[in-house]
Structures are given as structure tokens and as C-alpha cells.
Amino acid sequence: MKLYTYDPAPNPMRLNLFLKYKGIDIDTQQVDLGTLEQHSDEYGAINPARTVPALVLDGGDLLTEVIGQCVYLEALHPDKPLMGSTPLEQAEVISWDHKIFLQGMAAIADIFRNGHPAFKDRAMPGPLKLPQIPELCERGKLRLEAFWPMIEVQLGKHPWIAGDNFSFADIDLYCLVQFAGWIKEGIPEDCANVQAWYSRAEAELG
Ligand SMILES: N[C@@H](CCC(=O)N[C@@H](CS)C(=O)NCC(=O)O)C(=O)O
């Protein structure tokens, strides 16, 4: 198995924290997004989606989505479960992770990629040349404003985002907080449950 990644980027961080928590070691090669190495012919031959992280399995199959990579690795390494241990827990982990990714991460990505000059004509990851749409920055801010109260309510009911156990959804929420720093945003001061969760998550991740 071989992992192609770029440690400083948000999606690689999602997988890295999963691997570290479970103590999984994989042969790894960095693909430097800073020098646009993802658009080299060599990397395009490995991952035509030109994103990281990409996991090439021993049989040659390619997994390009962090959620798919984690589902696969959890099945191989069930100790310290992060994807839920019962059918209901598994459904809650995937459901909350989906909300975090689509309603939070994607909003931050919209703000970041549609506003930063380095992403001119690269508003989305991948091979397509897509123009920036400045209005998406404003829309992203509105989406983020609605995101935090939803998380605050959930963390008032449970210690972890998907229930009683720390999970991959917590890892994704933790990565979201790091990514929010890139657009100079953080956990709102009036979200006391999220602030308390963050301290617990930091301790859990060591
Ligand atoms: N859908 C992928 C997203 C992967 C992704 O967007 N990775 C970013 C780094 S955070 C990337 O490869 N960006 C390349 C680019 O911006 O050209 C997943 O869920 O894993």
C-alpha cells in the first residue's frame, strides 16, 4: 500500500490524524501542492483526480476520498474504532461526518479558494480550470454562521460529535477548526460546548 499526500493540507490532515490515532504506518510520498506537483504527468498517472491524499492498494486499486480510505483502513485495523462499533454508531459517525464536510469544510473551502489570489482559476481542487466566484466567499461566511450553532447544540447533548465515543467525525471537526484558522476564523466565543469539546479532542489526539 502506498500513500500520496501533502502534510500541510486539510484533507491530508484528516487521514494523518486517523492513521496516527490508530497507530497505522503506511509507506508515504509527499506531493508538493506548493509547487503544483499534483499537476505533473507523473502524479496524473497515479491519481487522475490530482488530489491528495491518494491511497494505492497492494492490488493496484486507487482510493481518492478520505472517507473511503478510512472505511477501508478501519476494516483492516478494527482496534481503537473510529467509524462506530454498532450499526447505529456507524450511521451517526457517517452522518455527522457528512454534515461537517458538506456544511462546514466546504463552506471554509469556498471562502478560502474563492478569495485567495493563489487560487485564481483553481477555485476547486482537481484538473478543471474553474474561475473564482467572489460571491461564494460571502455565501461561505453565511453557511459557517449557521454551522457552529448546529454543532454547539449537538455537543450539548453528547461528549463527542457522533455520541458517546470519540470518532472520525471528531477528527474531521478538529481538522475543520485548523482549516478555519486559514481564513482567520475560529470557534465562536458563544459556543461554550464546542470550546470544551476542542480541549477534550486535543487531549484525545495527544
Ligand atoms: N474529495 C477529496 C478531497 C481531496 C482534496 O480536495 N485535497 C486537496 C488538498 S486539501 C487537494 O488535493 N488539492 C489539490 C489542488 O488544490 O489542486 C477527499 O474527500 O479526500
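Here is a friendly set of questions and answers about the structure above.

User: What kind of model is this, and from which number are its residues counted?
Analyst: This is a predicted model, in which local features need pLDDT of at least 70, side-chain atom pairs count only at pLDDT 80 or more, and totals for chains, interfaces and linings use all residues. Side-chain values use heavy atoms, with hydrogens and water left out, and residues are numbered along each chain as its sequence is written, from 1.

User: Which peptide bond is cis, with omega near 0°?
Analyst: Look in the loop between helix 2 (41-46) and strand 3 (54-56), where Pro53 lies. Helices (H or I, at least four residues) and strands (E, at least two) are DSSP runs, numbered from the N terminus. The cis bond, with omega near 0°, runs from Val52 to Pro53.

User: Is Arg50 buried or exposed?
Analyst: Arg50 is found in the loop between helix 2 and strand 3, and has a positive phi of about 55° although it is not a glycine. Buried means under 20% relative accessible area, exposed over 50%, and partly exposed in between (1.4 Å probe, protein chains only). The relative accessible area of Arg50 is 19%, so Arg50 is buried.

User: And is Lys184 buried or exposed?
Analyst: Lys184 has its place in the loop between helix 6 (168-182) and helix 7 (192-205). Its phi is near 60°, a positive value in a residue other than glycine. With a relative accessible area of 77%, Lys184 is exposed.

User: How many aromatic pairs are there?
Analyst: Rings of Phe, Tyr and Trp (its six-membered ring) pair if their centres lie within 6.5 Å; planes under 30 degrees apart count as stacked, over 60 as edge-to-face and the rest as tilted. By this rule the count is 11 aromatic pairs.

User: Why is the pair of Phe112 and Phe179 given its class, and what is that class?
Analyst: The ring centres of Phe112 and Phe179 are 6.1 Å apart and their planes are at 70°, so the class is edge-to-face. The pair links distant parts of the chain, with Phe112 in helix 4 (residues 87-113) and Phe179 in helix 6, 67 residues apart. Both residues are buried, and the class of the Phe112 and Phe179 pair is edge-to-face.

User: Which residues do ring pairs link into a cluster?
Analyst: Ring pairs join four residues here, and the cluster holds Phe112, Phe119, Phe179 and Trp182.

User: Which ring does the charged end of Lys99 sit over?
Analyst: A charge sits over a ring if NZ of Lys or CZ of Arg is within 6 Å of the ring centre and within 35 degrees of the ring normal. Lys80 lies over the face of Tyr21, at 4.1 Å from the ring centre. For Lys99, 4.2 Å from the ring centre, the ring is that of Trp96.

User: Which element gives the largest share of the lining of the largest pocket?
Analyst: On a 1 Å grid over the protein atoms alone, a cavity is a set of points where a 1.4 Å probe fits but cannot get out, and a pocket is an open set with protein on both sides within 12 Å along at least five of seven lines; lining residues have an atom within 4 Å of a point. The largest pocket is lined by 41 residues, of which Asn11, Thr51, Val52, Arg113 and Pro125 lie nearest its centre. The largest share of this lining, 11 residues, comes from helix 4.

User: What is the volume of the largest pocket?
Analyst: Grid points are joined across faces, edges and corners, and a volume is the space filled by probe spheres set on the points. For the largest pocket, the volume is about 1,100 Å³.

User: Which residues lie nearest the centre of the second largest pocket?
Analyst: About 230 Å³ of space lies in this pocket, and helix 4 gives the largest share of its lining, four residues. The lining has 16 residues, and those nearest the centre are Glu89, Ala162, Gly163, Asp164 and Asn165.

User: Which helix gives the most to the lining of the largest cavity?
Analyst: The largest cavity has a volume of about 60 Å³. Tyr4, Gln29, Val31, Glu37, Ser40, Glu42, Tyr43 and Ile46 line this cavity. With three residues, the helix that gives the most is helix 2.
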